[in-house]
Amino acid sequence: MRIDVDALKCIGCMACEMACGYHRDDAFALLASCIVVYRARDKKDYFGVVIKEEESLTIARPEGLEIKRIGVTEESSDSGQKKEADASAKPMLLREPCDLCSGMKYGPMCVKICPVDAISLIEGGE
Amino acid sequence: MDYLSSNKILIVDLETGQISEDELDDELVSQKIGGVGITTSLYETYQDRDPIILGAGLLTGTLFPGSALGVISAKSPRTGHVTHSPFTLKAGMEFKYTGFDYVVIVGKSKKPVFLWLHDGVADIQDASEFWGTDVWNTTDSIRKSMGDDLIQTLVIGPAGERGSDLAQICVNYWASGDCWGFGKVFGEKNLKAVALRGMGLLEISDPEDFVDQCFEVFETIKGGAFAGKSGVEDILTAMGEKDAKEWIAPFVHRHSACYNTPYPTNTFIYLNENPKTLTEPTEQEPGFLINDVGALLTLKRAGLSAESACRVLKACAKYGIDPSAVAELSARSGQKDPDKIEQSFVDLKGTVSAPEGGKFSSWAPMQPLFADFDLSDESAYGDWWVRRQALAYLFGIHPIFANMAPELSEELMIEMFNKGTGLDLSQETLDQAIADVCL
């Protein structure tokens with residue numbers, strides 16, 4: 001099972017990010033979240049979601065989903081556009097990977113808290 | 001104050017450059033709750049020094065639905081009374097995590113400065129190089145100089161620097177709920193901006209019960225009256241503007257929400273790009289985020305095209321002037337040309353309407369949205385609106401969302417307060433706190 005995100009449905013509210021942070025810290029905080037809304041390009045209204053998993057980063061952009069294997073260097077795309085997720089206070093690669101909210105009675109909290117059902121739990125590993 | 005708090009009140013004297021801290025006393029929270037309850041109390045304490053107070057609600061930045069609100073309290077240059085302005089998007093949440101619950105700013109700096117709040121640290125920084133630049137350039141410059149694009153700014157533009165009563169404190173690049181001329185107060189203090197970045201942590205007295213309740217409320221709300229609706233255009237439709245969606249649809253790119261607010265109250269329109277574009281636009285400034293429903297409605301009713309209305313709103317946000325005031329004055333003069341409206345900003349003066357007897361911003365429509373709140377008729381809207389806004393501004397709930405979610409009852413707020421803080425809030429104390437901020 002893994003988390004899937006439909007970035008076109010996402011409204012960027014960050015509820016998923018805070019719920020994940022609560023799972024990590026038993027308090028409200030964002031630094032340990034493994035799901036992050038990237039929102040630095042607010043002047044362009046370009047936002048989506050990044051999830052740190054055990055061996056990959058799932059980047060849900062409006063134009064589609066990309067899964068990057070951690071540690072694998074890729075050649076830049078033809079468009080030359082900057083494609084990586086925005087830097088956050090704590091780099092994604094330093095965060096704990098998603099454990100689907102193991103031990104939480106709610107199940108994956110990001111799925112439960114998303115107001116527009118942009119996040120879902122799907123079959124399949126990484 | 002151990003819970004839902006950083007336990008710090010910051011006092012910044014711009015005249016001397018001195019910064020000090022007080023603890024947030026449990027007793028103050030027990031009596032005044034948070035948000036405007038405490039900013040009002042702090043205003044009274046420091047009123048001899050013409051303070052401007054920043055704060056967040058008790059629930060701001062939590063998992064409680066709609067907990068997006070930050071508050072600015074000061075004496076309004078437009079009314080001469082202490083009034084309150086909301087700031088939302090991600091700025092209210094970011095403020096809550098800066099490490100300060102409330103910030104009292106007094107005095108006037110000798111030179112332009114901005115206040116940088118982050119991780120429990122406050123710095124007064126030189127803003128000379130930003131003075132004279134517009135809101136967008138200032139936010140860009142602050143983010144670039146700090147190397148962090150997630151910094152949220154409360155920022156003024158030329159309107160505030162020049163002492164216009166219509167000046168607005170904007171949030172990042174966009175309008176805010178400041179309909180009180182607080183941009184002028186910043187300008188008079190030589191305060192160009194407050195920059196916010198929060199990486200703090202909020203402990204909860206009873207975390208499991210608190211979060212259980214958040215999920216329960218969320219589940220109820222999710223299927224509520226606003227289900228399937230989004231953006232400013234559906235709000236306009238709910239306000240009786242039946243053709244609003246059709247009017248603006250050709251420009252709509254996406255809808256977005258303020259922090260943890262289930263209804264996306266913001267509509268982004270593309271003016272220089274195809275709105276259907278999904279990839280990151282190459283254009284650096286393709287459009288504008290509309291979050292002021294009233295301004296948009298006034299411009300529409302004045303006969304402006306959607307494109308012209310949006311160009312006016314964008315110009316307002318760059319100049320740092322209240323778009324609702326601009327819309328009202330433009331409508332009154334009959335001017336519909338966005339370029340000419342923009343050219344009028346420099347000398348724009350005039351009396352514009354404010355909520356009746358209100359201390360809360362008319363940015364939140366003065367009526368229920370989508371839901372009926374069991375009000376008998378429209379004559380009941382006024383008193384209902386004031387109490388509803390007071391509740392939102394105390395607890396930190398998005399003030400527009402508060403008007404569309406009757407599930408967020410006073411009883412529920414009291415319950416969340418008690419679970420979150422471990423203190424004991426009663427309905428009587430809440431009634432008194434509301435009365436105190438509505439006086």
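**Figure 1. Overall dimensions of chain B in the predicted model.** Chain B has 439 residues, and a compact globule of that length would have a radius of gyration near 22 Å; the value for chain B is 20 Å, which agrees. The C-alpha trace of chain B extends over about 55 × 55 × 45 Å along its principal axes. Its secondary structure consists of 16 helices and 14 strands.

**Figure 2. The two domains of chain B.** Domain 1 is made up of residues 1–225 + 353–439, and domain 2 of residues 226–347. Taken over C-alpha atoms, the centres of domain 1 of chain B and domain 2 of chain B are separated by 23 Å. Contact between these domains involves 45 residues of domain 1 and 35 residues of domain 2.

**Figure 3. The area buried between the domains of chain B.** Domain 1 of chain B and domain 2 of chain B bury about 3400 Å² between them, and carbon and sulfur atoms give 65% of this area. On the side of domain 1, B:Trp136, B:Trp174 and B:Phe370 supply 20% of the area buried against domain 2, more than any other three residues.

**Figure 4. Polar contacts and helices at the domain boundary of chain B.** Between domain 1 and domain 2 of chain B, 19 residue pairs are in polar contact, both residues being at pLDDT 80 or more. On the side of domain 1 that touches domain 2, the elements giving two or more residues are helix H4 (135–146), helix H5 (158–161) and helix H7 (207–222) of chain B. Of these, H5(B) gives the most, with 3 residues. By class, this side of domain 1 has 26 nonpolar, 13 polar and 6 charged residues.

**Figure 5. The salt bridge between B:Arg78 and B:Asp322.** Over all chains the model contains 33 salt bridges. The pair shown here links distant parts of the chain, 244 residues apart. B:Arg78 lies in the loop between strand E4 (70–75) and strand E5 (82–87) of chain B, whereas B:Asp322 lies in the loop between helix H11 (306–319) and helix H12 (323–333) of chain B. Their side chains meet at 3.1 Å, N to O. Between domain 1 of chain B and domain 2 of chain B, the count is 1 salt bridge.

**Figure 6. The contact between chain B and chain A.** This contact takes 55 residues from chain B and 42 residues from chain A. The two chains bury about 4200 Å² between them, with 59% of it on carbon and sulfur atoms. B:Phe215, B:Arg254 and B:Glu280 supply 20% of the area that chain B buries against chain A, more than any other three residues.

**Figure 7. Salt bridges and secondary-structure elements where chain B touches chain A.** Between chain B and chain A there are 10 salt bridges. One joins the side chains of B:Glu280 and A:Lys44 (3.3 Å, N to O). On the side of chain B that touches chain A, the elements giving two or more residues are helix H3 (91–96), H4, H7, strand E12 (252–256) and strand E13 (266–270) of chain B. H7(B) gives the most to this side, with 9 residues. The residues of this side divide into 27 nonpolar, 13 polar and 15 charged.

How values were computed
Residues numbered from 1 in each chain as written. Chains lettered and ligands numbered in written order. Predicted model: local features only at pLDDT ≥ 70, side-chain atom pairs only at ≥ 80, totals over all residues. Heavy atoms only, no water. Domains from an automatic or database assignment. Contact = heavy atoms within 4.5 Å. Buried area = accessible area lost by both parts, 1.4 Å probe. Salt bridge = Lys/Arg side-chain N within 4 Å of Asp/Glu carboxyl O. Polar contact = N/O pair within 3.5 Å; in protein donor to acceptor, adjacent residues only side chain to side chain. Helix = DSSP H or I, 4+ residues; strand = E, 2+ residues; numbered from the N terminus. Nonpolar A, V, L, I, M, F, W, Y, C, P; charged D, E, K, R; others polar. Rg over C-alpha atoms; globule rule 2.2 N^0.38 Å.
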